[in-house]
Amino acid sequence: ATSSQGKRPGYHTQNFRIRPSLSITETYDDNVFATDKDAVSDWITRTTPQLSVDSTWTEHSLKFRTGADFGRYWDYDGENYLDYWASAEGRYDLSETTDIFGGLGISFDHEGRDSQDATIGGLEPTTYRSYNAHAGMKTIVGDTTYRIGGTYESLDFDNVQSVGGVLINDDRDRELFGLGIRATHKLDARHSIFAQALYDLR
């Protein structure tokens, strides 16, 4: 069965709402390489297409996201970049008070020159890939909501060419694991309190 979400903006099929978008922006950067002195400036044209697909079911849900970010410099074309990503997440309702959820994602990104972690001396920005996943469960007992979930992310950095050779970024590759549990108690229509515990491993 479908819900009243079918009236929301977007292109609709029997079970999904589809929302494409496209933005083009022009940005002026007065310090392209984020240096303390001898700054240079440039204009950047950013083109960002995106696509969102959401289920319109009354129970359960699925969401898909994908997009890209093309950055083109007018003068310093060595700084050009292409980032893109895709993700999917869903929720399965076990009952009116309990559901399980999860998702997967992948992205191909670059580090801005102003990042504190950016490789110094690279002829081009550092690029990297991120693979991530999450899963968990939520249940409501009376006025208290309990949630437990875990996350995982793998980061894979590419080597960068420099004037003197190749800058190795393998030592920056890492995996991140997270586990959390949270209890939220509703006091009234406007107030609630919660307790939360998190575990993080890198």
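## Exercise 1: A residue in a strand

T66 belongs to strand β4. The model is a predicted one.

Task. Determine whether T66 is buried, partly exposed or exposed, and state how far its C-alpha atom is from that of Y84.

Solution. 
Step 1. The relative accessible area of T66 is 34%.
Step 2. A residue is buried under 20% and exposed over 50%, with partly exposed in between. T66 is therefore partly exposed.
Step 3. T66 and Y84 are 18 residues apart along the chain, and 7.5 Å separates their C-alpha atoms.

## Exercise 2: The sheet

Task. State the order of the strands in the open sheet of 10 strands, and explain why β1 and β12 stand at the edges.

Solution. 
Step 1. The order is β1-β2-β3-β4-β5-β6-β7-β8-β11-β12, and the pairing is antiparallel.
Step 2. Strands of a sheet pair through backbone hydrogen bonds, either parallel or antiparallel.
Step 3. β1 (11-12) and β12 (192-201) each have a single partner strand, so one side of each has no neighbour in the sheet.

Task. How many bridges join β7 to β8, β3 to β4, and β4 to β5?

Solution. 
Step 1. Strand β7 (residues 127-141) and strand β8 (residues 144-157) run antiparallel and are joined by 14 bridges. V141 has T144 in β8 as its bridge partner.
Step 2. β3 and β4 pair in the antiparallel sense through 9 bridges. Here I44 is partnered by Y73 in β4.
Step 3. The hairpin of β3 and β4 has 5 residues between the strands, and H60 in this hairpin takes a positive phi near 60°.
Step 4. Between β4 and β5, which also run antiparallel, there are 11 bridges. F64 has A88 in β5 as its bridge partner.

## Exercise 3: Aromatic rings

Task. Classify the pair W43 and W74 as stacked, tilted or edge-to-face, and do likewise for Y84 and F108.

Solution. 
Step 1. Ring centres must lie within 6.5 Å to form a pair; planes under 30 degrees apart count as stacked, over 60 as edge-to-face, and the rest as tilted. The count by this rule is 7 aromatic pairs.
Step 2. The ring centres of W43 and W74 are 6.1 Å apart and their planes stand at 35°, so this pair is tilted.
Step 3. W43 lies in strand β3 (residues 42-55), and W74 in the loop between β4 (61-73) and β5 (81-93); the pair links distant parts of the chain, 31 residues apart.
Step 4. W43 is partly exposed at 37% relative accessibility, whereas W74 is exposed at 55%.
Step 5. For Y84 and F108, the distance is 4.6 Å centre to centre with 20° between the planes, and the pair is stacked.
Step 6. Y84 is in strand β5 and F108 in strand β6 (residues 98-110), 24 residues apart. Y84 is partly exposed with 37% relative accessible area, and F108 is partly exposed with 23%.
Step 7. Y28, W43 and W74 make up one aromatic cluster.

## Exercise 4: Charged side chains

Solution. 
Step 1. The whole structure contains 10 salt bridges. In the one between R46 and D69, the closest N and O atoms are 2.7 Å apart.
Step 2. Because R46 lies in strand β3 and D69 in strand β4, this pair ties together parts 23 residues apart in sequence.
Step 3. R46 is partly exposed at 32% relative accessibility, while D69 is buried at 9%.
Step 4. R172 and E111 also form a salt bridge, with the closest N and O atoms 2.6 Å apart. R172 lies in the loop between β10 (165-167) and β11, and E111 in the loop between β6 and β7, so the pair ties together parts 61 residues apart in sequence.
Step 5. R172 and E111 are both buried. The charged end of R172 also sits over the ring of F157, 4.2 Å from the ring centre.

Terms used: Residues numbered from 1 in each chain as written. Predicted model: local features only at pLDDT ≥ 70, side-chain atom pairs only at ≥ 80, totals over all residues. Heavy atoms only, no water. Phe/Tyr/Trp six-rings, centres within 6.5 Å; stacked < 30°, edge-to-face > 60°. Helix = DSSP H or I, 4+ residues; strand = E, 2+ residues; numbered from the N terminus. Buried < 20%, exposed > 50% of the residue type's maximum accessible area, 1.4 Å probe, protein only. Lys NZ or Arg CZ within 6 Å of the ring centre and 35° of its normal. Pairing = 2+ DSSP bridges. Salt bridge = Lys/Arg side-chain N within 4 Å of Asp/Glu carboxyl O.
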